[in-house]
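The sequence and the structure are shown first, and a description by topic follows.

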Amino acid sequence: MARSARPVVHYMATRPDGTVPPTDIYLARYHRAQGVTIPTVNLADNIGQVIDHPSPGRKWYTDRPFGYFHMYTRPGEILERIEDGWPVRLFVVEPLGETGNWGGAFYPYWLLSQQIRVVEETDAWKAFGHRGAQVLAALAQLPDLARQWATEWAADPERTRSTYTAWEKRVDRTRALTGWAFCRSQYSRREAALQAANELAADAAGQAATAAGAAPQAVALIQLRARCLVAGQLMFDRIRSGEYEQSIRGLLLGAGLETPAPVPA
């Protein structure tokens with residue numbers, strides 16, 4: 001008997017208060033500069049309800065900051081168009097009426113509509129893809145880890161600098177972060193998740209290492225280590241085949257540095 005196809009789930013992300021951000025960040029900035037209030041709706045207040053778009057635009061053109069509901073079938077790409085970035089709330093919605101997708105073949109995971117039913121709120125970690133829970137766990141550890149790494153650097157600057165420099169060269173030579181992790185994120189529809197995780201990791205580690213008194217070079221390398229660690233967690237299930245790929249994954253997770261990285265769940 002043929003297996004049934006997995007049902008398509010449509011996701012929408014909101015701000016932490018449940019309101020939908022604009023679909024075009026740049027138009028939103030322009031309109032606000034002109035004193036225009038951008039309409040929105042609150043998904044958290046309408047679970048189980050059908051919502052009509054408050055200010056529908058042309059189908060399907062971006063002719064205003066918020067002219068249609070923009071939903072995703074691949075949650076790992078949701079963070080690409082979120083105005084204020086992480087944190088977000090994530091909702092499952094059902095598109096109603098006419099739908100569109102002006103992204104065509106390049107954005108098959110987009111769907112646009114002017115009416116939705118808000119089905120339920122779901123776990124926000126899904127915005128980072130299948131390994132979102134592990135990514136958030138790694139991000140939560142980073143302030144403590146970065147302070148620890150800064151302390152180790154201060155205890156033996158020359159040896160630590162040499163160790164980090166050698167590791168950085170291997171990361172650069174193998175393109176572990178810019179090639180392997182990035183390309184695999186594109187293939188598995190987690191490119192936006194990787195970009196957001198990179199930024200969050202660099203910010204968290206940079207702030208903690210700076211507060212711990214680390215020198216600028218140490219801060220930069222600690223930030224790189226944090227970015228690689230989080231990328232390794234995010235793409236752990238996609239960089240795994242064969243000995244070489246496993247070495248790349250290990251490099252992202254900190255192989256070659258003294259302090260072992262947290263073990264993925």
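## Helices α2 and α5

In this model, which is predicted, helices α2 and α5 pass each other in a right-handed crossing. Helix α2 covers residues 132–155 and helix α5 covers residues 191–211; their axes come within 8 Å and cross at roughly 30 degrees. An angle under 35 degrees counts as roughly parallel, and α2 is therefore roughly parallel to α5.

On the α2 side, the contact is made by V135, L139, L142, P143, A146, R147 and A150. Helix α5 contributes A197, L200, A201, A204, A205, A208 and A209. Sorted by class, the contact of α2 with α5 holds 13 nonpolar residues, one charged residue and no polar ones.

## Helices α4 and α7

Two packed helices are described by the angle between their axes and the distance between the axes. For helix α4 (residues 176–187) and helix α7 (residues 242–252), the axes come within 11 Å and cross at roughly 110 degrees. Angles of 65 to 115 degrees count as roughly perpendicular, so α4 and α7 are roughly perpendicular to each other. The crossing of α4 and α7 is left-handed.

Helix α4 takes part in this contact through A176, L177, W180, A181 and R184, and helix α7 through Y244, E245, I248, L251 and L252. By class, the contact of α4 with α7 includes eight nonpolar and two charged residues, with no polar residue.

## The nonpolar cores

In soluble globular proteins, nonpolar side chains tend to be buried together. In this model, the largest nonpolar core has 56 residues. The residues with the most contacts inside this core are L79, F128, L142, W149, A181, I222 and V230. At least two core residues come from each of β1 (10–14), β4 (89–95), α2, α3 (157–174), α4, α5, α6 (216–234) and α7. Helix α6 provides the largest share, 11 residues.

A181 is one of the residues with the most contacts inside the largest core, and A181 also belongs to the contact of α4 with α7. When residues up to four places away in sequence are not counted, A181 touches A176, L194, A231, M235, I239 and L252.

## L112 in strand β6

Strand β6 spans residues 110–113 and contains L112. Is L112 buried or exposed? Its relative accessibility is 0%, and L112 therefore counts as buried.

Which residues are in contact with L112, leaving aside its neighbours within four places in sequence? They are W60, Y68, F69, H70, E98, T99, G100, N101 and W102. The C-alpha atoms of L112 and G18 are separated by 19 Å, and these two residues lie 94 residues apart along the chain.

## Backbone features in the loops

Most residues other than glycine have a negative phi, and most peptide bonds are trans. The bond between W86 and P87 is a cis peptide bond, with omega about 10 degrees. P87 is located in the loop that lies between β3 (69–72) and β4.

R175, a residue other than glycine, has a positive phi near 55 degrees. R175 is situated in the loop between α3 and α4, and its relative accessibility of 47% means that R175 counts as partly exposed. R189 is not a glycine either, yet has a positive phi of about 60 degrees. The loop between α4 and α5 holds R189. With 25% relative accessibility, R189 counts as partly exposed.

## The protein as a whole

The protein contains seven helices and seven strands. Along the sequence, these elements follow the pattern β-α-β-β-β-β-β-β-α-α-α-α-α-α. The C-alpha atoms fill a box of roughly 65 × 60 × 30 Å, taken along the principal axes.

The protein has 265 residues, of which 47% count as buried. Among the contacts with a separation of 6 or more, 73% are between residues 24 or more positions apart.

Technical notes: Residues are numbered from 1 along each chain as its sequence is written. This is a predicted model: local features need pLDDT of at least 70, side-chain atom pairs count only at pLDDT 80 or more; totals for chains, interfaces and linings use all residues. Side-chain values use heavy atoms; hydrogens and water are left out. Axes are lines fitted to C-alpha atoms, for helices over the stretch in contact, and angles run from 0 to 180 degrees between N-to-C directions. Helices (H or I, at least four residues) and strands (E, at least two) are DSSP runs, numbered from the N terminus. Angles under 35 degrees count as roughly parallel, over 145 as roughly antiparallel, 65 to 115 as roughly perpendicular and the rest as oblique. A crossing is left-handed if the near helix is turned anticlockwise from the far one by less than a right angle, and right-handed if clockwise. Contact means heavy atoms within 4.5 Å. Ala, Val, Leu, Ile, Met, Phe, Trp, Tyr, Cys and Pro count as nonpolar, Asp, Glu, Lys and Arg as charged, and the others, Gly among them, as polar. A nonpolar core is a set of buried Ala, Val, Leu, Ile, Met, Phe, Trp, Tyr and Cys residues joined through side-chain atoms within 4.5 Å. Buried means under 20% relative accessible area, exposed over 50%, partly exposed in between (1.4 Å probe, protein chains only).
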